[in-house]
Amino acid sequence: MISFTVTALAFGVVFLAELPDKTALAGLVLGTRYRASYVFAGVAAAFAVHVALAVAAGSVLTLLPHRLVQAMVGVLFLAGALVLLLKKDDGGEEGVRAPADQSFWKVSGAGFMLILVAEFGDLTQIMTANLAARYDDPVSVGVGAVLALWSVAAIGILGGRTLMRYVPLRLITRVAAGLMLALSAFSLYEAVAG
């Protein structure tokens with residue numbers, strides 16, 4: 001059974017952490033050049049692969065002693081918050097290599113490969129593994145994380161520039177970092193008090 005609370009928490013944390021990420025901007029670039037549905041299909045498939053890998057890794061962590069897992073999760077959330085707070089704005093559009101034609105397979109394949117390579121070992125993948133280990137609910141975490149990543153991809157592809165005009169990227173980054181700091185503190189407290 002899926003826990004709505006865990007799904008919503010995973011969605012919120014992953015959504016806020018991924019929104020300022022460079023892959024959202026890369027999806028935006030591809031989305032302005034090619035049919036949005038083709039780009040989204042490839043990007044969504046790549047994100048699903050990443051979430052499956054992250055949830056599997058997080059599920060393996062649950063085999064370790066609970067206090068050790070809580071301490072590891074707390075430290076990793078703290079590291080994630082620091083990465084967000086110390087990350088420099090890389091300025092936006094990167095050189096995204098576009099497919100030569102506009103067929104579904106070429107465009108979605110380009111989106112898939114872009115995300116598959118760019119997001120491997122990314123902060124949101126590590127956070128998803130942490131959440132899966134923390135809550136021992138891989139399905140709820142996986143659903144929340146994949147929906148968050150798909151939402152960010154859709155926003156990036158369909159109109160990220162408009163959103164960024166109204167919501168400062170720095171604010172989004174700080175809110176995500178604050179959530180991760182709170183999760184870190186809670187996990188470390190449980191590791192010590194547990």
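Aspartate 136 is found in the loop between helix H6 (123-135) and helix H7 (138-166), where helices are DSSP runs of H or I with at least four residues, numbered from the N terminus. The structure is a predicted model, in which local features need pLDDT of at least 70 and side-chain atom pairs count only at pLDDT 80 or more, whereas totals for chains, interfaces and linings use all residues. Residues are numbered from 1 along each chain as its sequence is written, and side-chain values use heavy atoms, with hydrogens and water left out.

Aspartate 136 follows H6 and has a positive phi of about 50°, although it is not a glycine. This aspartate is exposed, with a relative accessible area of 54%; buried denotes a relative accessible area under 20%, exposed one over 50%, and partly exposed a value in between, computed with a 1.4 Å probe on protein chains only.

Helix H3 (residues 36-61) and helix H5 (residues 104-118) have axes that come within 7 Å and cross at roughly 35°. Axes are lines fitted to C-alpha atoms, for helices over the stretch in contact, and angles run from 0 to 180 degrees between N-to-C directions. The crossing of H3 and H5 is right-handed, a term that applies if the near helix is turned clockwise from the far one by less than a right angle. Residues of H3 including Tyr38, Phe47 and His50 belong to a set that meets residues of H5, among them Phe104, Phe112 and Leu116; contact means heavy atoms within 4.5 Å. By class, this contact has 13 nonpolar, four polar and no charged residues. Ala, Val, Leu, Ile, Met, Phe, Trp, Tyr, Cys and Pro count as nonpolar, Asp, Glu, Lys and Arg as charged, and the others, Gly among them, as polar.

Alanine 81 lies in helix H4 (residues 66-86) and is buried, with a relative accessible area of 0%. Not counting residues up to four places away in sequence, alanine 81 touches Ala177, Met180 and Leu181. Glycine 178, in helix H8 (residues 169-193), is 97 residues from alanine 81 in sequence and 7.1 Å from it in space, C-alpha to C-alpha. Glycine 178 counts as partly exposed at 35% relative accessibility.

Terms used
Helices (H or I, at least four residues) and strands (E, at least two) are DSSP runs, numbered from the N terminus.
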